[in-house]
Amino acid sequence: MSNHLAIATVTASLRLLLQEAADVSGVSATVTTARPDGAGAANSNARVNVYLYQVTPNGAWRNADLPTRNENGGLIQKPRAALDLHYLLSFYGDEGKLQPQRLLGSAARVLHSHPVLSRDRIRETLQNPIYSTDLAQSNLAEDIELVKFTQTSLSLEELSKLWAVFFQTQYTLSMTYQGTVVLIEADDTPSPTLPVLERNVYTVQFRAPVVQEIKLDAAAAGPITAGSNIVIVGRALSGDVTQVSFGGSKLPPVVPASVAGSEIKLTLPADLRSGVQGLQVEQQFLMGTPPMPHRGFESNVAAFVLAPDITLPNPAFAQVSVDVTTLLITGNITVTFAPKIARSQRVRLLLNEFQPPATRAPHGYTVDAPKENGIATNQQETDTIEFEVKDVAGGEYLVRVQVDGAESPLERETNNANPAFNQFIGPKVTIS
């Protein structure tokens, strides 16, 4: 790569190249590198002026050196600037003898036949007495990229702005060229690194896992509760290392007991809360020597409902009072939960009358849990909540709870000889 003298070396080499073109044009002319001004219009001396009017980043090389530093700010490779140089070539002389046009034609012929700035030409420039002192330290000749000159086209509007606004002088016969690419490196030296001991190349087909269904791992369909065995159904679920993460779990991802391409079987972690939960299948690749797991593909996040499991102590209802006029009863119902209930969760008790008489509509009640689920200020969760029920008609009631919208399951009669087969039979509480 080149040092900071590269741009000046390109300009100097271009000047000497155009001087050779002027010498064979039949016009006695000099080549200068000054800013265009109005002196050329009145000056009858023939000359060619080379002016670097713009420098732009090279689109192909500008990001080739990223990153140049590690996370600690240490230099890992030399920063490199990739630049394109834009030159304006102006031609002066006796218009009656067509000197500017003759010089332009000779310059265009030379730049078209020698578009690449060769290393030999750069070395000749550095040995020229004009530049041997100022550019002696230039190393452009050793750059991996050779500078190439290409004629560019400016519209009439761009050309008029260049002369009238930029130079603010009278236009003279000109053409523009772009020199690409000049690579300039910093003088900083990166810290040495050890060579790569072994190389491992892997080709992996892009097949991200897709979760389509989450269900209970049982012969009959049913709600998913704490500690349930579940089946994850989908596509491309099996990887080198397959694990399942749960959004509501603080535990690390679960390694399934059984993994296949279309289904995964596992037991739910114990710390999940009741309510809507999300899971994601994560696949890791075994790479390196020895093979170590690396991050791979992740599935979509799929949701399932984790229903709370409840039990009722005996007796579950404790009477507080009875309204002698209406015979409505007030008391407390104690419910034990699995998994435990957090302070922030919304909990409700649902009571539905069990086997009501056909002569009237069944009774039903909804009772909200006490504030913050009755959990003491020094605790964050509980497995028991005492609900206060007011003005409830006496009788037997089926008991359910809702935790963040997820309902606890009811028990069904499984004996097909029983008249109540496949009907709800519990859990129940007697209010009296």
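Let's start with Pro356, which is partly exposed, with a relative accessible area of 31%. Pro356 is found in the loop between strand 19 (347–353) and strand 20. Helices (H or I, at least four residues) and strands (E, at least two) are DSSP runs, numbered from the N terminus. From Pro356 to Gln205 there are 151 residues in sequence and 62 Å in space, C-alpha to C-alpha.

A word on what you're looking at: this is a predicted model, where local features need pLDDT of at least 70 and side-chain atom pairs count only at pLDDT 80 or more, while totals for chains, interfaces and linings use all residues. Residues are numbered from 1 along each chain as its sequence is written, and side-chain values use heavy atoms, with hydrogens and water left out.

Now for the inside. The largest nonpolar core has 39 residues, and Val10, Leu18 and Leu89 are those with the most contacts inside it. A nonpolar core here is a set of buried Ala, Val, Leu, Ile, Met, Phe, Trp, Tyr and Cys residues joined through side-chain atoms within 4.5 Å. Several elements each supply at least two residues of this core, among them helix 1 (6–23), strand 3 (80–92), helix 3 (99–113) and strand 6 (174–185). The largest share, nine residues, comes from helix 1. Have a look at Leu89 to see how the pieces meet: not counting residues up to four places away in sequence, Leu89 touches Leu14, Leu18, Asn49, Val50, Leu111, Leu173, Ser174, Met175 and Tyr177. Contact, by the way, means heavy atoms within 4.5 Å. There is also a second, separate core of 24 residues, including Ile310, Val347, Val389 and Val429.

Next, find Gln280 and Ser299. Gln280 lies in strand 13 (residues 275–287), and Ser299 sits in the loop between strand 14 (292–298) and strand 15 (302–307). Gln280 counts as buried because its relative accessibility is 17%; Ser299 counts as buried too, at 5%. The side chain of Gln280 reaches the backbone oxygen of Ser299 at 2.7 Å. Leaving aside residues up to four places away in sequence, Ser299 touches Pro209, Val210, Val211, Gln280 and Val281, while the list for Gln280 includes Gln243, Val244 and Ser245.

Ile214 is buried, with a relative accessible area of 15%. Again setting aside residues up to four places away in sequence, Ile214 touches Ile224, Ile230, Val231, Leu279, Ala302, Ala303 and Phe304.

Then there's the empty space. Rolling a probe the size of a water molecule over the atoms shows where empty space is left. The largest pocket has a volume of about 260 Å³. Its lining is made of Ala221, Gly222, Pro223, Arg400, Glu407, Ser408, Pro409, Leu410, Arg412 and Phe424. On a 1 Å grid over the protein atoms alone, a pocket is an open set of points where a 1.4 Å probe fits, with protein on both sides within 12 Å along at least five of seven lines; lining residues have an atom within 4 Å of a point. Grid points are joined across faces, edges and corners, and a volume is the space filled by probe spheres set on the points. By class, the lining has five nonpolar, two polar and three charged residues. Ala, Val, Leu, Ile, Met, Phe, Trp, Tyr, Cys and Pro count as nonpolar, Asp, Glu, Lys and Arg as charged, and the others, Gly among them, as polar.

Most residues other than glycine have a negative phi, and most peptide bonds are trans. The peptide bond from Ala338 to Pro339 is cis, with omega near 0°, and a cis bond also joins Gly426 and Pro427, with omega about -5°. Glu372 is not a glycine, yet has a positive phi of about 55°.

Methods
Buried means under 20% relative accessible area, exposed over 50%, partly exposed in between (1.4 Å probe, protein chains only). A polar contact is a pair of N or O atoms within 3.5 Å; within protein, one must be able to donate a hydrogen and the other to accept it, and residues adjacent in sequence count only if both atoms are side-chain atoms.
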